[in-house]
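Visitor: I am new to this structure and would like to learn how to read it step by step. Could you take me through it slowly?

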Amino acid sequence: MLLLPALAGLAFLVLPLVGLLVRAPWSTLGTRLAEPQVLEALRLSLVSATLATVLCLLLGVPLAWLLARVPFPGARVVRALVTVPLVLPPVVGGVALLLVLGRRGLVGGWLDSAFGLTLPFTTAGVVLAETFVAMPFLVISVEGALRAADLRFEEAAATLGATRWTIFRRVTLPLVAPGVAAGAILCWARALGEFGATITFAGNFPGRTQTMPLAVYLALETDPQAAIVLSLVLLAVSVVVLAALRDRWVSAS
Amino acid sequence: MLKRIAVAVTALSLASVTGCGDTGDGEASPASGGRTLTVFAAASLTETFTALGAAFEGSHPGLKVRFNFGGSSTLAKQITEGAPADVFAAASPATMKPVTDDGAASGPPRVFARNRLVIAVPKDDPGKIHGLPDLTGPTLKVVLCAEQVPCGAAAKKAAAAAGVTIRPVSQEQDVKAVLTKVRLGEADAGLVYRSDVKAASPQVKGIEFAESAKAINDYPIAALAKAPQPGPAGEFVRLVLSQQGRTVLTGAGFESP
């Protein structure tokens, strides 16, 4: 009963990948991959997705804790607001980031005049755009894990005199580690594939803001074969990294 | 199990094929108002072609004109992959070429408009720009189209004609993205088409420069060989090429061929 839709679902997800593999220009693959622009885009993608994930962890785990553990008025609204980047078309997210963090934005204007710091068209801008789009994935999975965790451990620690910070560090975090890991993986994958917010907020310049998805999109304009090669590289790298990490973090713990 | 999936998929695709046939096959019901002319056109033609489409509907009762505006190369790809379209208007001969090479056009494309580049600046013009050489300032933030898209190719040609090297902070995916960066003041200047500046005024100012004459973009149009509505397709092409079409296009900043 469940097998048929499950197989159909799998086929639906995997067939486009098969399409890429079938149409890939295997004979020229080597020379295309060796192009410095490809390696540069790949390096930038991996670095910025990883930095974005770190930023998501630093900001997102405390936010998830706040939503799961601290009752406050309007929590429901805050929870809905956290998911806004999921619903927002990424390009709109990019425009919104420009309006706030751009050179003439609400916060960006001040950053520029006070520190001479501008974010659009920089690698930092790429990381911020990816963080914006990917953070909900982390917050939602960590919040879910926190809600599922047994509160009695934390209460026991509290009765033994542990501070809130100690409890969070020594009891809560280890308890929800698999949830944090799963969230971080989702977050990283989303950041790696990010296109709309990145190109709108950070622009597109090779070596500085041109990540793999941007390179794929532009290659599609003139050289679809190159676009297929680039997509395959991105897919291969992400599948390898995700498979390795998932085994180590999620199933082991 | 797999066989059953295959049957379901086949049934679905058949349904969609007949669905297309229904909308496309309008000859059977000329008076019932079910006929639709599908026009694929470059994004920069959005305003002008929408106006011309309304005029065309006015002179052809019962006929609806439906537009698919987008990047020319994407549209060309959709057409060569079999998307049902009657007319294709591209932003450059290079993006029309895959369609004619594929035998998908019903005849040789005709150039119906030209567009030239201008320097777009925010309305307060923080960079005090007068011409292309001003775009080489080291602190100036200039955005251009990527070389892969027609406006980027034109920008490269214009810069070469002026003998200047522009170092953009970003190579955008299309001309509207360049305009957005200028409009929001993130960029001090960008190179876009004159018609785009006209559509974005007064938030964006256009500055003409002499070298743009070396990088004028031709817009070709063609009725398609597999047009579901071959008659109206030809008539729409004639309307675009007519004096009326020319008036609408030049009013929006395009030049006559």
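Guide: Gladly, and one caution comes before anything else: this is a predicted model. Let us begin with the make-up of one chain and then move to the other.

Visitor: How many helices and strands are there in chain A?

Guide: Chain A has 13 helices and 0 strands, and read from the N terminus its elements run α-α-α-α-α-α-α-α-α-α-α-α-α. Along the principal axes, the C-alpha atoms of chain A fill a box of roughly 65 × 60 × 30 Å. Of the 253 residues in chain A, 36% count as buried. Among contacts in chain A between residues at least 6 apart in sequence, 77% join residues at least 24 apart.

Visitor: Let me try a single residue. Why does A:Leu214 count as buried?

Guide: The general idea is to count neighbours, and a residue is called buried if 20 or more other C-beta atoms lie within 10 Å of its own. A:Leu214 has 27 C-beta neighbours inside 10 Å, and therefore it counts as buried. A:Leu214 is found in helix α12 of chain A, residues 212-222, and, leaving aside residues up to four places away in sequence, A:Leu214 touches A:Phe195, A:Thr198, A:Ile199 and A:Asn204. A:Leu214 and A:Gly193 are 21 residues apart in sequence, and their C-alpha atoms are 9.3 Å apart in space.

Visitor: Now to the sheet in chain B. In what order do its 5 strands lie?

Guide: Strands of a sheet pair through backbone hydrogen bonds, either parallel or antiparallel. In chain B, 5 strands form an open sheet in the order β2-β1-β3-β10-β4, and the pairing is mixed. The edge strands are β2 (63-70) and β4 of chain B, each of which pairs on one side only. From one strand to the next, the twist averages 20°.

Visitor: Which sense does each pairing take, and where can I see it residue by residue?

Guide: Begin with strand β1 of chain B (residues 35-42), which pairs with β2(B) in the parallel sense over 8 bridges; there B:Leu37 stands opposite B:Val65 in β2(B). Strand β3 of chain B (residues 87-89) pairs with β10(B) in the antiparallel sense over 3 bridges, and B:Val87 stands opposite B:Ala223 in β10(B). Strand β4 of chain B (residues 110-115) and β10(B) also run antiparallel, joined by 5 bridges, with B:Ala113 opposite B:Tyr219 in β10(B).

Visitor: Why is strand β10 of chain B described as largely enclosed?

Guide: Strand β10 of chain B spans residues 217-223, and because 6 of its 7 residues are buried, it is largely enclosed by the rest of the structure. Among the buried residues of α6(B) are B:Val175, B:Leu179 and B:Lys181. Just after α6(B), B:Gly185 takes a positive phi of about 80°.

Visitor: Which residues touch the most other members of the largest nonpolar core?

Guide: That core holds 93 residues, and B:Ala120 and B:Val192 touch the most other members. Its largest share, 15 residues, comes from helix α8 of chain A (residues 123-148). A second, separate core of 39 residues includes B:Leu52, B:Ala85, B:Val87 and B:Val99. To return to B:Ala120, the residues it touches include B:Leu179, B:Val182, B:Val192 and B:Gly206, when those up to four places away in sequence are not counted.

Visitor: How is chain B divided into domains?

Guide: The domain assignment gives domain 1 (35-114 + 218-251) and domain 2 (117-215) in chain B, and 27 Å separate the centres of these two domains, taken over C-alpha atoms. At their meeting place, 9 residues of domain 1 of chain B are in contact with 9 residues of domain 2 of chain B. By class, the side of domain 1 that touches domain 2 has 3 nonpolar, 5 polar and 1 charged residues.

Visitor: Finally, how many residues of chain B are in contact with chain A?

Guide: There are 16 residues of chain B in contact with 19 residues of chain A. Strand β7 of chain B (residues 170-172) gives the most to the side of chain B that touches chain A, with 3 residues. By class, that side of chain B has 7 nonpolar, 6 polar and 3 charged residues.

Notes:
Residues numbered from 1 in each chain as written. Chains lettered and ligands numbered in written order. Predicted model: local features only at pLDDT ≥ 70, side-chain atom pairs only at ≥ 80, totals over all residues. Buried ≥ 20, exposed ≤ 12 C-beta atoms within 10 Å, placed from the backbone. Helix = DSSP H or I, 4+ residues; strand = E, 2+ residues; numbered from the N terminus. Pairing = 2+ DSSP bridges. Contact = placed C-beta atoms within 7 Å. Nonpolar A, V, L, I, M, F, W, Y, C, P; charged D, E, K, R; others polar. Core = buried A, V, L, I, M, F, W, Y, C linked by C-beta atoms within 7 Å. Axes fitted to C-alpha atoms, helices over the stretch in contact; angles between N-to-C directions. Domains from an automatic or database assignment.
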